[in-house]
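Could you walk me through this structure in the viewer? I would like to know what to select at each stop and what is there.

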Amino acid sequence: MAIIMAQVKARFLLPAGMLLIAAVATLTATAAETEISPQIRASTYAYDIEQFDSNGAGDGVAIALSPSIDFLFNSKVVQTRFSWQHESLFYEDDQRRNRSYDEFAFSNIVSLFSERLTWGVNARNSYQVRNTQSGVFSDKITAGGELSEATTYGSFINLNTASYSDLNAALRVEYNHSEYDQPDIDDGLPAFDNDSYRAGVLLASRDRSRTAFWRLEGALGRTQREQRRDYENRAAEAVVGVPLSSRLSLIGRGSYEFTDNNNFYRNEFSAYGGGIELKLGRVSWVNVSVNKSTSKRFDEEDEDNTYWATEFYLAPSRRSSLEGSYDRRYFGRTASLAGQYNIRALTARLNVSDTVRTQTSLDRELTDLGIFVCPIGTTEFTDCYRPPNANYTPQPGESYQQVTDVGVELDQELVLRRSTSFALGYTKRRLSLNLLLNVSDIDYVERNDEQTSRSISLQTGWRLNERSSINAALRIYKLDYQVADRQDDNILFSAGYELTLTEQSEMSLSLRRTERNSSIDRFTASENRVWLSYIYSF
């Protein structure tokens, strides 16, 4: 699992040439703030690796040189960001060869007509683990041969009605391309690429707190997979409410879902029903309904069910909300839950979901840790901090970024994933604490395999004064690969001290300990690492 930082409003994905043309066209027509931040980082690493299988073990020293540049353009209409980093690694180690990496990230968001029309493009190139069985904490320093070069790009268009309109209408169309090369050391997956096409539409009454309301929602998607058959899905939902009193409504609801991988995983589900909805205050509500459903599965008899379902949205204050549902889909019962609580020093986020998608699509389902203030060009989550208040204005050299946690599985396979996560953040004066708990169960529906994951992540930072700070992180993962009959306990601990030398330079001293204790001895390994870094910003 890895921490991902994305500038707020910067999301989806086209090839770099088209992106740059789009950015230049908009930049020349709009006056706004522009920041260019070149930087160079020099680091020296010393490490000691122990493995049950001695291949790759031993002591070593590495030197890393990393020039980078970060470009930021921001106006009322256009937000553009481009970052590039080159990293050259030189080893004093007979078992590793010198390597170099080039990584970049580009995003361009154009918002028109008071954000009723939004167009975005995005591209990214990075190196990452595709298979947790190869090593959850593998990185470029000592395990570059286990990393896959990943390239993604795409685009999206959003159309929305104005917030003051009585009609809430939205249309979203998006395209994403992902490709992953096979690493030097076989991770059990071939090189592959996919193309994902998605569209969604929403038509609804703006204010559900009124006595009468209605909502229509539909989505369709197609994923073209290089190594496997294409996957298609369609879904639609409708709900209408008729008032019985000022707080009580009679509701009718219906849903439809179709999935097909052009093989044996073909499912069709339809349901309809009715119930009552109770309004709790100005925006909160809860409903209960009785429904009839029909499930059609490939090469199986149709299955009819009568079941109850519930949906709710509770917002007792502007700082807190909780929404969720308990329903049924073609694979059985389904549940979702999303909640948040925010005060000045403390934030909490809860999420429960189940989805059926390819693993590469799930890579975009991120656990939201919230909005942080980060130095421009930063790559480490520990360099960021929560804004002290809602009205905080980033200082020169800082920007708001969305910080998320993402899993590392990047296969083309179709999976049913049930996941529960809880994130807790605390910031008070110079102290910052962030806790993330996650439980995931993955069912590989195309090959009858299962995997479970339990993880705890704790990150903390303490600013000693204006020029120095310390940070620490602890990550624990328990992974169970059922078909492989293998269980792994993975632990990472890291700590560091950072010192600002001048306005343009800083140094840091860091250490890291990783362990993997596996039920299969040959996968058991550990590493101790210490490194010194010097950063100069031009």
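Here is a short tour, from the whole chain to single residues.

This is a predicted model, in which local features need pLDDT of at least 70 and side-chain atom pairs count only at pLDDT 80 or more, while totals for chains, interfaces and linings use all residues. Residues are numbered from 1 along each chain as its sequence is written, and side-chain values use heavy atoms, with hydrogens and water left out.

Start with everything shown as a cartoon: the protein has 3 helices and 27 strands (DSSP runs, H or I of at least four residues for helices, E of at least two for strands, numbered from the N terminus). Of its 538 residues, 46% count as buried (under 20% relative accessible area, 1.4 Å probe, protein chains only).

Next, select Y45, Y47, A62, L89 and Y91. They have the most contacts inside the largest nonpolar core, which has 13 residues (buried Ala, Val, Leu, Ile, Met, Phe, Trp, Tyr and Cys joined through side-chain atoms within 4.5 Å). β2 (33-51), β3 (58-74) and β4 (78-92) each supply at least two residues of this core, and β2 gives the largest share, 3 residues.

Now centre on A62. Leaving aside residues up to four places away in sequence, A62 touches S43, T44, Y45, Y47, F90 and Y91 (heavy atoms within 4.5 Å).

For a second, separate core of 12 residues, pick A271, Y330, F331 and L416, which are among its members.

Finish at T132, in the loop between β6 (117-128) and α2 (140-143). T132 is buried, at 7% relative accessible area. Show Y481 too: its side chain and that of T132 are joined by a polar contact of 2.8 Å (a pair of N or O atoms within 3.5 Å; within protein, one must be able to donate a hydrogen and the other to accept it, and residues adjacent in sequence count only if both atoms are side-chain atoms).

Technical notes:
Buried < 20%, exposed > 50% of the residue type's maximum accessible area, 1.4 Å probe, protein only.
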